[in-house]
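Biologist: Please put the sequence and the model on the screen, and then let us go through them together.

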Amino acid sequence: MMYGWYGDGGIVGWVVMAMMMLLFWGAVAAVVILLIRGGRPGAGGSYGPPHSPNSDPERILNERFARGEIDANELSERRAVLRNKQ
């Protein structure tokens, strides 16, 4: 006695099992890919605080000020122009 399993699934049962197996292995592959990609900064993951549109120009200004290319007055003037540009 097979306790309720009569083997009547036929071709539909085989198709459903094949689809479930494909979904399972696809999910496993997706999780592995996301874990590999998400572990490295700058690899497509959006971790960290969101950047404002002016963050890159202000960062460049700060770097130029740190290198001595511009003085404090020029830094504050250019920063004010960038912030008023919005």
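**Burial, surface and rings**

Biologist: What percentage of the residues of the protein count as buried?

Modeller: This is a predicted model, in which local features need pLDDT of at least 70 and side-chain atom pairs count only at pLDDT 80 or more, while totals for chains, interfaces and linings use all residues. Residues are numbered from 1 along each chain as its sequence is written, and side-chain values use heavy atoms, with hydrogens and water left out. Buried means under 20% relative accessible area, exposed over 50% and partly exposed in between, with a 1.4 Å probe and protein chains only. Of the 86 residues of the protein, the share that counts as buried is 7%.

Biologist: Is W14 buried or exposed?

Modeller: W14 belongs to helix α1, residues 10–38, where helices are DSSP runs of H or I with at least four residues, numbered from the N terminus. Because its relative accessibility is 60%, W14 counts as exposed.

Biologist: Why is the pair of F24 and W25 described as it is?

Modeller: Rings of Phe, Tyr and Trp (its six-membered ring) pair if their centres lie within 6.5 Å, and planes under 30 degrees apart count as stacked, over 60 as edge-to-face and the rest as tilted. By this rule the count comes to one aromatic pair. The ring centres of F24 and W25 are 5.0 Å apart and their planes stand at 75°, so the pair is edge-to-face.

Key:
Helix = DSSP H or I, 4+ residues; strand = E, 2+ residues; numbered from the N terminus.
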